[in-house]
Amino acid sequence: MAYAELQVASAFSFLRGASSPEELAATASVLGLSAIGITDLNSVAGVVRMWDAAKEVGIRLMVGARLSFRDDTPDLLCYPQDRSAWGRLTRLLTVGKSRVPHGDTSEAAKVTNRCFLYYDDLLEQGAGQILLAVVPDRLDDGFRANLQRLRADFRGRAFLAVNRRYRGDDVRRLRAMAELPLPMVATNDVLYHLPDRRQLQDVMTCIRLGCRIDQAGLALQPNAERHLKSPQEMERLFSAYPEAVLLTQDIVERCKFSLAELAYEYPDEPIPPGLTPDEHLANLTWQGAAARYPDGIPPQVRDTIEKELRIIAQLNYARYFLTVYDIVRYAEEEKILCQGRGSAANSAVCYCLRITAVDPAQISLLFERFVSTERREPPDIDVDFEHERREEVIQYIYKRYGRERAGIAATVIHYRPKRAIREVGKVMGLSEDATAVLSAQSWHAGEGLWSDDSVKEIGLDPASFTVRRSIELARQLVGLPRHLSQHVGGFVLTRGRLDETVPIGRAAMDKRTFIEWDKDDIDTLGIMKVDVLALGMLTCIRKAFALLGINNLAEVPTEDSAVYDMLCRGDSIGVFQVESRAQINMLPRLKPRVFYDLVIEVAIVRPGPIQGDMVHPYLRRRQGLEKTELPSPTPERGEADELKRVLDRTRGVPLFQEQAMQIAIVAAKFTPEEANQLRRSMATFRNAGTIHRFFEKMVSGMVARGYTQDFAERCFHQIEGFGTYGFPESHAASFALLVYVSAWLKCHHPAAFACALLNSQPMGFYAPAQIVRDAREHGVEVRQIDVSASKWDCTLEDGALRLGFRLITGFSQAWAEPLVKTRCTSFADLVRTGLPQDALVMLADADAMRSLKLDRRAALWQVRGLSNMTDLPLFATEPMVIHHASLPIMTKGEHVVTDYQTAGLSLKAHPMRFLRALFSAEGVLSCAQAAAQVDGTRLSVAGVVLVRQRPGNGNVVFCTIEDETGIANVVVWASLMERFRRAIMGSSLLKVTGRLQRSPEGIIHVIAERLDDRSGLMGRITEEPSSRTPSRPSRPRHPRQERIFPRSRDFH
Amino acid sequence: MWLPHWPITRLSRNTPVSPDRPLVTVETIRGVRHLVAVGEVGEAHGLSRGQTLTAARAVCPALVPVDADPVADEAALGRLVAWCERYTPMVAPEPPDGLWLDITGCTAVFPSEGELVRDLRKRLERNRVSCRIAVAGTPGASWALARASLPPSSANVPIDGDGWLKDGYDEGAGVLTDLPIACLRLEAGVVAGLRRLGLRTVRDLLRIPRAQITARFGAMPLLRLDQALGEVEEAIDWPRPPLEWHERLAFPEPIGTAEDLARALARLSERLCSRLGEQGKGGQRFVARFFRVDDVAPEVGVSTALPVRDPAYLTKLLCEKLNMVDPGFGIEVIALEVESVAPMGVTQTQLMAAPDTSDELAGVVDMLSNRLGADRVSRVVPFASHVPERSLRRAPPLPVKQPSWVSDPASPRPIRLLHRPEEINVIAPVPDDPPIRFSWRGVAHRVRAAAGPERIAAEWWRGRRSRGRPETDLIRDYYRVEDSDGARFWIFRAGLHGEERTPRWYLHGLFG
């Protein structure tokens, strides 16, 4: 007897269903079910993945949802019969989701999966739906009445989903259900694919309820019966009611709808009458091209454009390009800086439409990577906008397309090992510190994850029942979806109503709406997406442009050799992407001279090439120390230069993501589809087994064709690294342009650049103190914050940089306005602005009243004295002389420390200056002196810790310290870690003794041998005993006065 | 008295901190976990209050974070207050980490204030309670002195090796003026504001005209200063009034046996009752407090319906509660006090404290508990578990809350559940039909009607606990069956057919 399971909660019924769609589809197929349904709680989030999985194993999928209502309507399994019914189901869910107020954490919101539905909604959208009522625990009159109503309202389309519950009353219950007014359909109310999953399901229940497993009691299922069962078993269980099993087939036949019918249509863009979208796109492109190339379009660009337009027309993508063009055009009108990134940079059309900014004539990029006739995947254009103004673009899109036609894609948050073990451990009653150490072990991949050895290492007994079971369950949990979140900016736009394709929900952020499907789902269905992303550097560049009167990226002169000279020196603080320590070190070695070098620079200091050990070979070849050689297969297996096309641009070393994929295709003979699967399986933490299979396949494939084992393995590891952190070439090119532009600004307009950087904080790698310092070292005059000259933002005053109020910690932007309006010339003016005392204290504390002839302490005394003055205007006309002679004079050291405490930087001096005599006496060199020593000198330096970095494998800690003469880079090898951990990780003032290492390019490091925490000296600067002074304990938050320096930026 | 690492002290008294694994308490502020208390071991590892847990882990990966529990800290402080009453009845907590002791006139027991402080310190240190004690003429001065740290160079202040003020040093503006302003018990914001103006020590503060300080920082700084100097009286809220009806007994060697304790209680009762008799009074609420060698002071109380001053009866009432007192490593002092005193005529009236007739059950329970032992009288209460024998628990007999037995009509439970399921012989069709007949305790039963199965799986998270009882780990299918005589049984099959082990049958309960 054939049977289809129609009541299935997948793991997308979050923390209810315990099996992934893939597992459910595969098991259903093995058991020989004729079809399997998916009915997640008020959601269709898992249907696309299930559909994909069902296609793979060749089983018919019935897409539906389990509707749970706010009124007394029983839960209903809803299966749309056709495309239009599907649209009604998604609209129904959209309506339900829109009713849940933002931030509602009530029980009602939880049990309905944030979707409030009522029976009337169903009546409205019920046409074409097949409904199966879920029987509640008790068959009371209310339920009977509801069934009568369903029978009347959905004649012939309403059924009763009945199952054996193994609660002891199945026989009687079935008999009673057979009396009910709707025909019975057998189901098994599935929560997992195999009975073994009961344990994980129990744990999920506990996570959902926030309780420990031994406290969950009756909230757990009494047995493990909620798994998929074979037709034979169902036949046996329903031997008294065979028609209930048979009826499943009727329903399968009646629901013809398949997700394949969700044909996607691009939104219509306004097109001048008489033109087709293709013609309109061509016109715009040629107009753009003429503007981009005022001296005439180069013939080869002309050819490319023609070819691209042909392919676009062939694939009918014109409206997609027009859509993106419209968004970019809006941004341009609003003077919001934007730039396309990712594979779109491969397109000359995108360049002409001003979607991307990298000139295709400058680099040879392949349009096929972006759009290809073979891969029938829609193109994917990602555009970065200024981070402060992206929201405007997003709201424009909503306004233009309407909320029914635009939504942000979801991101499925999957359980990662860390979270899995933490939550499982909590449920299983592991102690908090045991879970903490286990979760700290979560970076091992695959089989190594919480292996017995690593568990022993952290002092736990892997044989203990609770530990072992927690680990087993956490492993099962890893990779299952946890909840939906919104994608960073992926917009889905449709021609018709989007809510008739997929339910739209409210996002956590007000005014955003997002759909239930993620990027992969959208790809599977061939739906268009535009990524509207945020990039801080664009904000900074625009702010600098505004100061300089530049309109867009294209106005910046290209290939300026002064810019490259600066970068070759490693002088790149503040420059996009290349300001990190690793990049600063790389620049003098790579010596970028042309734009494409920057593309490589951006891509090379990434986990992919580093893990694949590709960096050094590339550098050696570039420096001419090694010949560029292309690995090749044995002659009979393939052409010797088969990799030339792939690797020629990068001297035979794969640096870009797509090069690694290409190697898999060309050298290991993967199909493009396999290569794509490989990339995807790397990107997620799932399928540890699959990764191993790919490893075997790729390495053995390459070795069999004559490549060396070593090369093959390195290529693979590189793909591993690329999985999450790799850059494709086109993407690197887009970023490289921003590198160039920001470097150009820094090189030629250092004041404006520093000003824009400060006004775009927080962003980038460095704190304001370093940005200001760097600017001063480049000859920029920096003026301090002052009530009579500063604005909220930092500004330029005749070429000098005036710091703004925004640097004062805790100062509010609203307070700046009256100050700017009044431009005080006296303390009385200042009082008259009506600013609250808090604001005045902050200004005084920041020493911002010097122009009023008040130094910090005098100003503070005045401001504090205001508290009891009620009659301010009267007071303000009186001459202001209040005696404060008994206050001690503030030393310069105190001033500097207070500057740091209030504004994060001081223009008066570097704090280390006050300790210099002390350090000199100890024989400690300044950073500048240290840099002048010869390679191998043993020396000591000391300074304030700016940055600590501990790259993934933990073998080394990089640390940057700063003194009044400059910075020193410190390398601490792991062997020293234990002995000096406290000094390395904990100190704010660090003394390092070690050996100077100087690379051939002149890069200087101190290889630490000994580290001393000298933070205790900080108190000396203010000549205050830095002692254990008591205070009334308050919440453990540092009042801003207590910490002297801004926290170092640590990257553990 | 200042307890600088009180939360850590509290936590590590039960679990000693290994010097490699500092215990710290943490609190979550806006999603980020911060250290609250660090302790000496933690400080030695470079941890500090206010650090984020992530940063702290980077400095010291072995640290053991525990959630901060201010309520428990304060409760523990309260217990310490009770224990300190061995020195003086005037003890008050100064949350979160301090104690006030008024030792005025307490030198009757100790030869000097210094001796008292030394004794207190010794006992606390023995119990791994780190503390700093200062004796001064005003609470404010003692607070400041206990918490102050001074550079060793400071003039005319006796300093011990750690740079702390020596215990027992007396007050006086001369010392106070050298102390930092933070010693004045001011809010962190006020302290920081004063320091920003360059006012670091009390001396700096004294130099400024008072009105100007008050205008800028409110009344608090000067009030605290005046209190410390004794210019203004400071009232401390002592938690209990000094007791007139109070007797204590100290032992040269700590005692611990029930007999010793009973004897001591008898002597105390004797003394107290004779004093009560002298004044024609009786007590209605008595509390005996047992000061242990460690700083714990368990107490027991007895109440009577009518005033009492019969020492034998009082001793008997108290001794009945002795089993609630854990003597630990020994008890050094016992104190007995009357909390409620009432006039009582010379005529002896009804001696027995009549049980409260409004709650007869309580009387019965008291009687049964007294006879059988408190742990042998219990009530069965429901417990949330699917597994029948685990679905009930023993609970204290009182207080009676409405029992919440909710029986699911779909899966009824028998009136009588056997303590251990008994194996039975069964004839039943496979795989999961109800049995046709079975025999139990040698008697055969023919099944006339049956319902089931109700399938109950084992509680997998409890691990294998069978100990020779395999049925506890297996899936069970329960059936309600009625035999030809109309008797109803609850039987189950342990295990499923088709599995490795052949399923066996058991009888687990009887209906009606």
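This is a predicted model: local features need pLDDT of at least 70, side-chain atom pairs count only at pLDDT 80 or more; totals for chains, interfaces and linings use all residues.
User: Why are α35(A) and α36(A) called roughly antiparallel to each other?

Analyst: The axes of α35 (residues 750-759) and α36 (residues 768-777) of chain A cross at roughly 175°. Angles over 145 degrees count as roughly antiparallel. The pair is therefore roughly antiparallel. The two axes also come within 10 Å.

User: What makes up the contact of α35(A) with α36(A)?

Analyst: The residues divide into 7 nonpolar, no polar and no charged. From α35(A) come A:Ala754, A:Leu757 and A:Leu758. They meet A:Pro768, A:Ile771, A:Val772 and A:Ala775 in α36(A).

User: How do you know that β1 and β2 of chain B pair?

Analyst: Pairing takes at least two bridges. Strand β1 (residues 23-29) is joined to β2(B) by 5 bridges. The two strands run antiparallel.

User: Why do β2 and β3 of chain B stand at the edges?

Analyst: The open sheet has 3 strands in the order β2-β1-β3, with mixed pairing. β2 (32-37) and β3 (64-67) each have a single partner strand, so one side of each is left without a neighbour in the sheet. Neighbouring strands are turned by 50° against each other on average, direction ignored.

User: What makes A:Glu894 and B:Arg200 a salt bridge?

Analyst: Their closest N and O atoms are 2.8 Å apart. The cut-off is 4 Å. The pair therefore qualifies as a salt bridge. Between chain B and chain A the count is 4 salt bridges.

Methods:
Residues are numbered from 1 along each chain as its sequence is written. Chains are lettered from A and ligands numbered from 1 in the order in which they are written. Side-chain values use heavy atoms; hydrogens and water are left out. Helices (H or I, at least four residues) and strands (E, at least two) are DSSP runs, numbered from the N terminus. Axes are lines fitted to C-alpha atoms, for helices over the stretch in contact, and angles run from 0 to 180 degrees between N-to-C directions. Angles under 35 degrees count as roughly parallel, over 145 as roughly antiparallel, 65 to 115 as roughly perpendicular and the rest as oblique. Contact means heavy atoms within 4.5 Å. Ala, Val, Leu, Ile, Met, Phe, Trp, Tyr, Cys and Pro count as nonpolar, Asp, Glu, Lys and Arg as charged, and the others, Gly among them, as polar. A salt bridge is a side-chain nitrogen of Lys or Arg within 4 Å of a carboxyl oxygen of Asp or Glu.
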